[in-house]
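Look at the sequence and the structure below.

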Amino acid sequence: MKNLEIYIHTPFCVKKCEYCDFLSFPADDATQLRYVKGLMAEMIFYGPLMRDYQVSTVYIGGGTPSWLNEEWTAALMEGVFECFNVAEDAEISIECNPGTLSRDKLLCYRDAGINRLSIGLQSANADELKLLGRIHTFEQFVTNYEVARNVGFKNINV
Ligand code: SF4
């Protein structure tokens with residue numbers, strides 16, 4: 001069986017950081033939901049073409065994937081599991097920004113099969129975070145990190 005690694009891009013962010021060159025922008029709920037439905041349609045289309053492949057990693061990147069409603073993220077993960085042959089030990093990551101996470105959201109990720117977090121922290125210095133246009137404080141990062149560990153995430157990239 002051949003190996004497949006899936007990347008799912010979500011281009012939405014609460015606001016644009018000063019230094020950002022990525023394709024990312026704010027969007028209302030209706031736009032985000034339309035995009036999620038588009039991703040589902042892509043998975044339904046590509047899944048049958050990938051029958052000879054086994055998925056070793058899934059990465060939900062952005063943008064700020066953790067800004068999406070967690071129920072939509074869970075639906076996306078359901079789509080991944082239904083459309084593709086995902087290895088039992090697959091590494092399944094989501095990119096997160098402090099300031100967009102909560103305990104409920106992290107529990108939802110865990111229950112949806114996500115087993116790795118990649119948390120964006122550009123600085124531990126309050127003035128630098130402000131200068132970069134980040135939406136969060138260092139303290140928010142620490143709180144998010146502790147909650148993530150607490151609900152069972154052992155694989156966290158910062
Ligand atoms: S959170 Fe990341 S993707 Fe979004 S604007 Fe900031 S740097 Fe760009």
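The model is predicted. Strand β3 (residues 86-96) pairs with β4 in the parallel sense, over four bridges. The strand β4 itself spans residues 116-119.

**Strand pairing**

**The β-α-β unit**
- A right-handed β-α-β unit is made by β3, α3 and β4.

**Burial of β4**
- Strand β4 is covered on both faces.
- R116 and S118 lie on one side and are buried.

**Packing of α2 and α3**
- Two packed helices are described by the angle between their axes and the distance between the axes.
- For helix α2 (residues 70-83) and helix α3 (residues 103-111), the axes come within 9 Å and cross at roughly 5 degrees.
- Angles under 35 degrees count as roughly parallel, so α2 is roughly parallel to α3.
- On the α2 side, the contact is made by E70, T73 and A74.
- On the α3 side, D104, K105, C108 and Y109 take part in the contact.
- By type, the residues of the contact of α2 with α3 are three nonpolar, one polar and three charged.

Terms used:
Residues numbered from 1 in each chain as written. Predicted model: local features only at pLDDT ≥ 70, side-chain atom pairs only at ≥ 80, totals over all residues. Heavy atoms only, no water. Axes fitted to C-alpha atoms, helices over the stretch in contact; angles between N-to-C directions. Helix = DSSP H or I, 4+ residues; strand = E, 2+ residues; numbered from the N terminus. Parallel < 35°, antiparallel > 145°, perpendicular 65-115°, else oblique. Contact = heavy atoms within 4.5 Å. Nonpolar A, V, L, I, M, F, W, Y, C, P; charged D, E, K, R; others polar. Buried < 20%, exposed > 50% of the residue type's maximum accessible area, 1.4 Å probe, protein only. Pairing = 2+ DSSP bridges. Right-handed = clockwise from strand over helix to strand, strands pointing away.
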